[in-house]
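Colleague: I have a model to learn from. Could you take me through it, one question at a time?

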Amino acid sequence: MGWENERRRAFLLGLTPSLVVLLLITLVPAAALLVASFTPLQLTDPAGTFRFDDPLVNYRQLLHDDRFIASIAVQLKLSASSVALQLGVGLGLALLLNGKSRVLEGARTVFLIPMVLPPIVVALIWKIMYTPDVSPIHRTLEAIGLPVRSLIANPDTALWAISLADTWQWFPFTMLMVLATLQMIPDDPLEAATLEGASRWQLFRYIVFPYIRPVLVVCALFRLIDSFKAFPLIYVLTNGGPGSVTEVTNYYGFIQAFNFSYWGYASAIATVMLVGVFVLSWLVGRLGWSDHDKR
């Protein structure tokens with residue numbers, strides 16, 4: 001019993017520094033954000049910084065802010081399209097690259113490059129790709145008689161252009177996770193099904209997919225959470241435009257805080273967005289795992 005108590009004490013002592021750091025860098029800023037959202041905090045009115053006479057004023061204003069509501073719709077479109085594309089492209093490439101050869105290993109390494117690039121670098125790369133005057137793609141299309149307008153200057157395609165750039169950077173995450181899972185699938189079920197005459201589609205549907213389904217759910221959760229942070233792409237590529245068609249929720253909060261100095265209102269936007277991310281993540285995880293359990 002004494003040894004067990006000492007072990008627990010040593011475990012807690014070793015864990016304490018990490019918990020303190022976690023508290024300082026996550027919980028304290030989150031608490032400060034929540035407190036600020038209950039105040040009319042703005043840099044142009046320092047006297048009213050910590051006034052709590054009407055703590056829900058910012059949240060009431062959000063309910064009647066058409067621009068904020070529109071930004072939520074834009075965010076959901078961007079998140080849904082980018083996550084779906086990343087899962088689809090990552091899964092497809094993982095299936096193609098699942099094998100043991102130096103060529104495939106080299107191809108995997110090349111495909112991982114976008115994921116390790118800083119987001120601002122990715123944004124600059126796609127800024128060049130989407131600018132007709134300097135883009136090699138636009139130059140090539142124009143040379144063969146198929147000129148195309150800038151995708152980020154067109155209100156109908158700007159959001160999808162951002163989704164494509166985000167997919168290019170982060171599909172390797174799904175590819176890597178699925179590929180690792182594919183290489184752990186035992187050979188016996190696959191060989192047995194093949195001997196029974198199962199087609200490739202049947203092998204994938206009834207053997208391979210049940211193995212990789214939990215990993216796809218995890219990838220979807222991670223990418224869904226991260227899709228709400230696509231700020232560098234939007235800031236560099238479109239600046240929220242044309243008009244406000246690419247103005248997602250976090251970018252709208254950025255405008256309120258840094259353009260108009262409405263820090264209390266921006267904090268309320270960030271708080272609502274944070275709660276929304278938790279709710280969406282919980283729903284995706286619950287739906288994904290419940291369907292898996294039913295099987």
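Colleague: What radius of gyration does the protein have?
Modeller: First, a caution: this is a predicted model, where local features need pLDDT of at least 70, side-chain atom pairs count only at pLDDT 80 or more, and totals for chains, interfaces and linings use all residues. Residues are numbered from 1 along each chain as its sequence is written, and side-chain values use heavy atoms, with hydrogens and water left out. The radius is taken over C-alpha atoms, and the globule rule is 2.2 Å times the number of residues to the power 0.38. For a compact globule of 295 residues that rule gives near 19 Å, but the protein has 24 Å.

Colleague: How many helices and strands does the protein have?
Modeller: Both are DSSP runs, numbered from the N terminus: helices are H or I with at least four residues, strands are E with at least two. Along the sequence the pattern reads α-α-α-α-α-α-α-α-α-α-α-α-α. The count is 13 helices and 0 strands.

Colleague: Is Leu 24 buried or exposed?
Modeller: Leu 24 sits in helix 1 (residues 2-37). Buried means under 20% relative accessible area, exposed over 50%, and partly exposed in between (1.4 Å probe, protein chains only). Leu 24 has 54%, so the residue is exposed.

Colleague: Which residues make the nonpolar surface patch of about 640 Å²?
Modeller: Like charges are joined within 9 Å, and nonpolar side chains (Val, Leu, Ile, Met, Phe, Trp, Tyr) within 5 Å. Areas come from the Shrake-Rupley method with a 1.4 Å probe; for residues, only the protein chains shown count as cover. The patch is made by Val 20, Val 21, Leu 23, Leu 24, Ile 25, Leu 27 and Val 28.

Colleague: Which residues does Ser 71 touch, leaving out those up to four places away in sequence?
Modeller: Ser 71 lies in helix 3 (residues 66-96). Its relative accessibility is 1%, so Ser 71 counts as buried. Contact means heavy atoms within 4.5 Å. By that rule Ser 71 touches Glu 247, Val 248, Thr 249 and Tyr 252.

Colleague: How many residues of helix 12 are buried?
Modeller: Helix 12 spans residues 249-259 and is mostly covered. Among its buried residues are Thr 249 and Tyr 252, both of which Ser 71 touches.

Colleague: Which residue with a positive phi follows helix 12?
Modeller: The phi is near 65°. The residue is Ser 261.

Technical notes: Patch = residues over 30% accessible without salt bridge, like charges linked within 9 Å, V, L, I, M, F, W, Y side chains within 5 Å. Salt bridge = Lys/Arg side-chain N within 4 Å of Asp/Glu carboxyl O.
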